[in-house]
Amino acid sequence: MDTNRLSKSLCAALNNQMTQEAHAAQIYLSYASWANSHGYDGIANFLFRHANEERNHMMKFLEYILERGATVKIDAIPGPGEAPSSVMDCFEKTFNQEVENTKSIYKIVKQSFDESDWATWNFLQWFVKEQTEEETLIMNMLDKLKIAGGEKASGESLYSIDRDLKSTPDSAQLAQEKTVEEP
Ligand code: FEO
């Protein structure tokens, strides 16, 4: 008896999204390492926390595919691409990455709608909300950087942005405590 509750095409799309979330985690890890090696410990902390969040997103997809009786396909994770050239570039790249991810989620939302797979449609609503939050968070960071002078931001203003991110509640610690249920 076949207990698989996902169509072949939705299963492929969800597996692909799972790998994309892993790819996003690699990107955040790479940018966090770049920030840390340039002395921006606060920014690094912020990005390391996000790497963990992306990994949790990956796990959410994995668990959902299993829950629906379908097959998880663990694939190779593409590399993160080039390191940022500046703090501004880092957050612009991060923003673009999030927008691409949102588009990818929206595609699966539409696909689940077209297939009347309401369980998957409902599952994906969490990600629709999460993407809005993530885009807003990065947009706010970009706004701060623009006020500080964008690419021409002084060392002093970058120092204070970095210090603010460092003195927010210990985000890295919070990230370690995050679970798939509470990402
Ligand atoms: Fe998993 Fe940043 O979205």
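Surface first: the chain exposes about 9,900 Å², and carbon and sulfur atoms supply 54% of it. Those areas come from the Shrake-Rupley method with a 1.4 Å probe. This is a predicted model; local features need pLDDT of at least 70, side-chain atom pairs count only at pLDDT 80 or more, and totals for chains, interfaces and linings use all residues. Numbering runs from 1 along each chain as its sequence is written, and side-chain values use heavy atoms, without hydrogens and water.

Of the 183 residues, 46% count as buried, meaning under 20% relative accessible area. The C-alpha trace spans about 65 × 30 × 25 Å along its principal axes.

Now the fold. We have 6 helices and 0 strands. Helices here are DSSP runs of H or I, at least four residues, and strands are runs of E, at least two.

Take helix 1, residues 8-37, against helix 3, residues 87-114. They pack at about 170°, axes 11 Å apart. So helix 1 is roughly antiparallel to helix 3; the cut-off is over 145 degrees. By class, this contact has 12 nonpolar, 9 polar and 3 charged residues.

Next, helix 4, residues 118-147. Its axis comes within 14 Å of the helix 1 axis, and the two cross at roughly 25°. That makes this pair roughly parallel, the term for angles under 35 degrees. Which residues of helix 1 meet helix 4? L10, L14, E21 and Y28. Their partners in helix 4 are T120, F123, L124, F127 and I138. Contact means heavy atoms within 4.5 Å.

Terms used
Axes are lines fitted to C-alpha atoms, for helices over the stretch in contact, and angles run from 0 to 180 degrees between N-to-C directions. Angles under 35 degrees count as roughly parallel, over 145 as roughly antiparallel, 65 to 115 as roughly perpendicular and the rest as oblique. Ala, Val, Leu, Ile, Met, Phe, Trp, Tyr, Cys and Pro count as nonpolar, Asp, Glu, Lys and Arg as charged, and the others, Gly among them, as polar. Buried means under 20% relative accessible area, exposed over 50%, partly exposed in between (1.4 Å probe, protein chains only).
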